[in-house]
Amino acid sequence: DAGVIQSPRHEVTEMGQEVTLRCKPISGHNSLFWYRQTMMRGLELLIYFNNNVPIDDSGMPEDRFSAKMPNASFSTLKIQPSEPRDSAVYFCASSPPGSGGPHEQFFGPGTRLTVL
Amino acid sequence: SQELEQSPQSLIVQEGKNLTINCTSSKTLYGLYWYKQKYGEGLIFLMMLQKGGEEKSHEKITAKLDEKKQQSSLHITASQPSHAGIYLCGADLRGGSNYKLTFGKGTLLTVNP
């Protein structure tokens, strides 16, 4: 069975450019999470969707960040304009209906973003 | 300051040795989750602890949550190269949340054969 799929796996871009990260959750899962991991701040939850609706976006750092989930099988995280401090590994995770907690979140392999 | 502190930040051990990783919170831990991460991969769930004094084991890995629910430890017995990776603790510090965790910065474990 395919796990959570993220693309691209690596992205190098220049400051000021728009960056779009993509995620395909596990089929049948109805919750989707975007995380960011850096050495300085560790792993942080950016936004959480349930049934394609954003439930908690309190972790989104600023207006340059936006996330969408147009359907149950696809989500994007967009940064516009990108800045060097956005360099990090971005993870997408999904969980099934009725999941009782974080132990049921399945993580993708991550996108390593470098902003020059 | 960091709400959840992990120690040590990194650890190098010889294969066969035991080791312990600690996760300490400044607040009550309503739930504590241990994960393992390999370079270039996402997190793999290991164990969940919720009750003070609770202890769980899986193969050679044992995790405990202290009675006061402010510290957890992860102990690996007779370490193997396959145990190498980054270990992260994630905590529910708010109670009632079923998805939002505060994470430690991780412990990088190297096991030399």
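This is a predicted model: local features need pLDDT of at least 70, side-chain atom pairs count only at pLDDT 80 or more; totals for chains, interfaces and linings use all residues.
Let me start with Ala78(B), which sits in the loop between E8 and strand E9 (85–92) of chain B. Its phi is near 50°, a positive value in a residue other than glycine. Is Ala78(B) buried, exposed or partly exposed? Its relative accessible area is 24%, so Ala78(B) counts as partly exposed, the range for buried being under 20%.

Lys69(B) is not a glycine, yet it has a positive phi of about 60°. Its place is the loop between strand E7 (61–65) and strand E8 (71–76) of chain B.

I turn next to the peptide bonds. In chain A, the bond from Ser7(A) to Pro8(A) is cis, and its omega is near -10°. Pro8(A) belongs to the loop that runs between strand E1 (5–7) and strand E2 (10–13) of that chain. In chain B, Ser7(B) and Pro8(B) are likewise joined by a cis peptide bond, with omega about -10°. Here the loop holding Pro8(B) lies between strand E1 (4–7) and strand E2 (10–14) of chain B.

Now to strand pairing in chain A. E1(A) runs antiparallel to strand E3 (residues 19–24) of chain A, and three bridges join them. One contact to look at is Ile5(A), whose bridge partner in E3(A) is Lys24(A). E3(A) also pairs with strand E8 (residues 74–79) of chain A, again in the antiparallel sense, over five bridges. Within that pairing, Leu21(A) has Leu77(A) of E8(A) as its bridge partner.

I come to the aromatic rings. How many aromatic pairs are there over all chains? The count comes to eight. Among them is the pair of Tyr35(A) and Phe103(B), which is edge-to-face, with 6.1 Å from centre to centre and 85° between the planes. Tyr35(A) lies in strand E4 of chain A and Phe103(B) in strand E10 of chain B, so this pair joins two chains. Tyr35(A) is buried, with a relative accessible area of 2%, and Phe103(B) is buried as well, at 3%.

Another of these pairs is formed by Phe107(A) and Tyr35(B). It too is edge-to-face, with the centres 6.3 Å apart and an angle of 75° between the planes. Because Phe107(A) lies in strand E10 (residues 106–107) of chain A and Tyr35(B) in strand E4 (residues 31–37) of chain B, this pair also joins two chains. Phe107(A) and Tyr35(B) are both buried.

Which residues make up the aromatic cluster? Phe33(A), Tyr35(A), Tyr48(A), Phe91(A) and Phe107(A) of chain A belong to it, together with Tyr35(B), Phe45(B) and Phe103(B) of chain B. E11(A) supplies the largest share, four residues. By class, the lining of the largest pocket divides into 11 nonpolar, 16 polar and six charged residues.

The second largest pocket has a volume of about 510 Å³. It is lined by 20 residues, of which Leu43(A), Glu44(A), Glu3(B), Leu101(B) and Thr102(B) are the closest to its centre. Strand E5 (42–50) of chain A gives two or more residues to this lining, as do E9 and strand E10 (102–103) of chain B. The largest share here, three residues, comes from E5(A). The lining of the second largest pocket has eight nonpolar, four polar and eight charged residues.

Conventions:
Residues are numbered from 1 along each chain as its sequence is written. Chains are lettered from A and ligands numbered from 1 in the order in which they are written. Side-chain values use heavy atoms; hydrogens and water are left out. Buried means under 20% relative accessible area, exposed over 50%, partly exposed in between (1.4 Å probe, protein chains only). Ala, Val, Leu, Ile, Met, Phe, Trp, Tyr, Cys and Pro count as nonpolar, Asp, Glu, Lys and Arg as charged, and the others, Gly among them, as polar. On a 1 Å grid over the protein atoms alone, a cavity is a set of points where a 1.4 Å probe fits but cannot get out, and a pocket is an open set with protein on both sides within 12 Å along at least five of seven lines; lining residues have an atom within 4 Å of a point. Grid points are joined across faces, edges and corners, and a volume is the space filled by probe spheres set on the points. Rings of Phe, Tyr and Trp (its six-membered ring) pair if their centres lie within 6.5 Å; planes under 30 degrees apart count as stacked, over 60 as edge-to-face and the rest as tilted. Two strands pair if DSSP finds at least two bridges between them.
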